[in-house]
Amino acid sequence: MISDSSVITTAPHLYKSLPYDPFRDLQAVSLAVVVPMWLVVHPSVPASSVAELVAAAKSRRDPMAYASSGNGSIHHITMELFKSDTGVNFTHVPFKGAGQSVPAMIAGDVQLGFIGYPAAAGAIKSGKLRVLAFSMARRSNLTPEVPTVAETVAPGFDMAAPLGVFVAARTPREIVARLGRAVSAAVTSPEVAERMAGIGMEPAGTTPEEYEKLLRAEFERFGSLISRIGMHLD
């Protein structure tokens, strides 16, 4: 299975019951890529920086609407964390993926959101959306001029969507290790790394043991975060 890590790290905290146990039923193979996000706003929003966005949001009586690619998505959780860390209020409008949310932002139906670079690159370059900040703790090589949320309004802010490979728990360890080596070799090859960088994705490539350790740490981190922001989906 190829999936973002939310099947392990966030879903168990968002749903009261799941048809699987994330650490009992699945084995981690390798973290393949990390997909960061950019905070963008519609040009009508009176803010050219993330600090100005926070100030504008706090001065409004009615909250601006923000888009996500769905309830419980990384975009949803990231914006709720941003709200919690900065003390602002925005209204959540969930969509079914970036194919719906980005056009809605371009049209001005919603004013802002955290989105991946591939979905918004054209709109950013054409001025249909304004980019204010990067979601990870250090700046992106793709947009080095764009500051991070952490260095501007919320120290310690560091969010991205990890995409990894999993197998069923009973898969023999030697097969898991072989798959892990193959995934790592593929995503770190120069050709793949170059293509990934061009669309805002960062190749990772880990051993199964490294990925499982990361997943367990992120499970605890997101559990604490989701509890703090009070998010539940059932």
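The model is predicted; local features need pLDDT of at least 70, side-chain atom pairs count only at pLDDT 80 or more, and totals for chains, interfaces and linings use all residues. Residues are numbered from 1 along each chain as its sequence is written, and side-chain values use heavy atoms, without hydrogens and water.

Start at Thr78. This residue lies in helix α4, residues 74-86. Helices (H or I, at least four residues) and strands (E, at least two) are DSSP runs, numbered from the N terminus. Thr78 has 0% relative accessibility, so it counts as buried. Buried means under 20% relative accessible area, exposed over 50%, partly exposed in between (1.4 Å probe, protein chains only). Leaving out residues up to four places away in sequence, Thr78 touches Met37, Phe114, Phe157 and Met159. A contact means heavy atoms within 4.5 Å.

Now the rings. The structure holds seven aromatic pairs. Rings of Phe, Tyr and Trp (its six-membered ring) pair if their centres lie within 6.5 Å; planes under 30 degrees apart count as stacked, over 60 as edge-to-face and the rest as tilted. Phe134 lies in strand β7, so its pair with Trp38 in β3 ties together parts 96 residues apart in sequence. Trp38, Tyr117 and Phe134 form one aromatic cluster. Tyr117 is buried. Both Trp38 and Phe134 are buried.

Charges meet rings too. The charged end of Arg221 sits over the ring of Phe222, 5.3 Å from its centre. The test is NZ of Lys or CZ of Arg within 6 Å of the ring centre and within 35 degrees of the ring normal.

Arg221 and Phe222 are among the residues that line the second largest pocket. On a 1 Å grid over the protein atoms alone, a pocket is an open set of points where a 1.4 Å probe fits, with protein on both sides within 12 Å along at least five of seven lines; lining residues have an atom within 4 Å of a point. Four residues of this lining, its largest share, come from α9.

The largest pocket is lined by 28 residues. Asp4, Ser69, Ile74, His75 and Ala161 lie nearest its centre.
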